[in-house]
2 protein chains.
Amino acid sequence: MDALDVFKALSNEGRLKILDLLKDPSSHFHCESGVDMDKVGVCVGEICRVTGLGQSTVSVYLSQLERAGLLESTRVGKWTYYRRSKDAFAKIADYVRENL
Amino acid sequence: MDALDVFKALSNEGRLKILDLLKDPSSHFHCESGVDMDKVGVCVGEICRVTGLGQSTVSVYLSQLERAGLLESTRVGKWTYYRRSKDAFAKIADYVRENL
DNA sequence: GCATTATATCGAATTTTTTAGAAATATAAG
DNA sequence: CTTATATTTCTAAAAAATTCGATATAATGC
């Protein structure tokens, strides 16, 4: 885990907002293609729609969050679904408690 | 606690280095004025000397870290001694685990 | 093949952060 | 009160991050 990358990813309001929305996808987003958002994640376009941020901005944000290990993604057809990493946040909490 | 301020404070290599050095002051710094560094903290000039960073840079860094609640300071005579906050890091760890 | 849709990447303008040097402030010592 | 030292604040230039629109890539359906 690159702590600096993680903290940089977390030091932006828009990215924190996305992380928060992704805690409970089905209550914030809806999905045309019928995948289970709570399992597979949410596609880029939906995140744009809900946050009001531009498409390229959201795409970059999601890449940063994924590179830092906070999100995971799966490509299904033309959609890329992003979801929260299952254990990243507990690991970060442990890191903060033990190493920071 | 302003999480964004905390993560911004943590998203810089120099500031992370300072936090690390301040974990064990007496093994990295020495003190002319004879205060107990492990209790009171380390003065700005010493942090400049050890990190090699400019004095105004270090002063700004320390202010940012203090504003985010990660450091505390005490002025004694002409020196300002900075030390790690006793419980900030456990609180941040809890925040990450529960709210992020 | 071509048109459409979703996402990623590029390029550029804007904003923010970083950082150093200079000036200002505060304290101590003579 | 003057001088020396430690720190903070001011200023400004350089570097990095933000953000958008345009373009490129990838997948779908005709």
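Me: How many residues in the lining of the largest pocket are charged?
Reply: This is a predicted model, in which local features need pLDDT of at least 70, side-chain atom pairs count only at pLDDT 80 or more, and totals for chains, interfaces and linings use all residues. Residues are numbered from 1 along each chain as written, chains are lettered from A and ligands numbered from 1 in written order, and side-chain values use heavy atoms, without hydrogens or water. By class (Ala, Val, Leu, Ile, Met, Phe, Trp, Tyr, Cys and Pro nonpolar; Asp, Glu, Lys and Arg charged; the others, Gly among them, polar), the lining of the largest pocket has six nonpolar and two polar residues. The number of charged residues there is eight.

Me: Which residues lie nearest the centre of the largest pocket?
Reply: A pocket is an open set of points on a 1 Å grid over the protein atoms alone, where a 1.4 Å probe fits, with protein on both sides within 12 Å along at least five of seven lines; lining residues have an atom within 4 Å of a point. The largest pocket has 16 lining residues, and α4 (37-40), β3 and α7 (88-99) of chain B each give two or more of them. Nearest its centre are B:Asp38, B:Arg83, B:Arg84, B:Ser85 and B:Lys86.

Me: Which residues are closest to the centre of the second largest pocket?
Reply: In chain A, α4 (37-40) and β3 each supply at least two residues of the lining of the second largest pocket. That lining divides into four nonpolar, two polar and seven charged residues. Of its 13 residues, the closest to the centre are A:Leu22, A:Asp38, A:Arg83, A:Arg84 and A:Lys86.

Me: In what order do the three strands of the open sheet of chain A stand?
Reply: Helices (H or I, at least four residues) and strands (E, at least two) are DSSP runs numbered from the N terminus, and two strands pair if DSSP finds at least two bridges between them. The edge strands of chain A are β1 (42-43) and β2 (71-76), each of which pairs on one side only. The pairing is antiparallel, and the order is β1-β3-β2.

Me: Which residue in the turn of the hairpin of β2(B) and β3(B) has a positive phi?
Reply: Six bridges join β2 (residues 71-76) of chain B to β3(B), and the two run antiparallel. Within this pair, B:Thr74 stands opposite B:Tyr81. Two residues lie between the strands of the hairpin, and the one with a positive phi, about 60 degrees, is B:Gly77.
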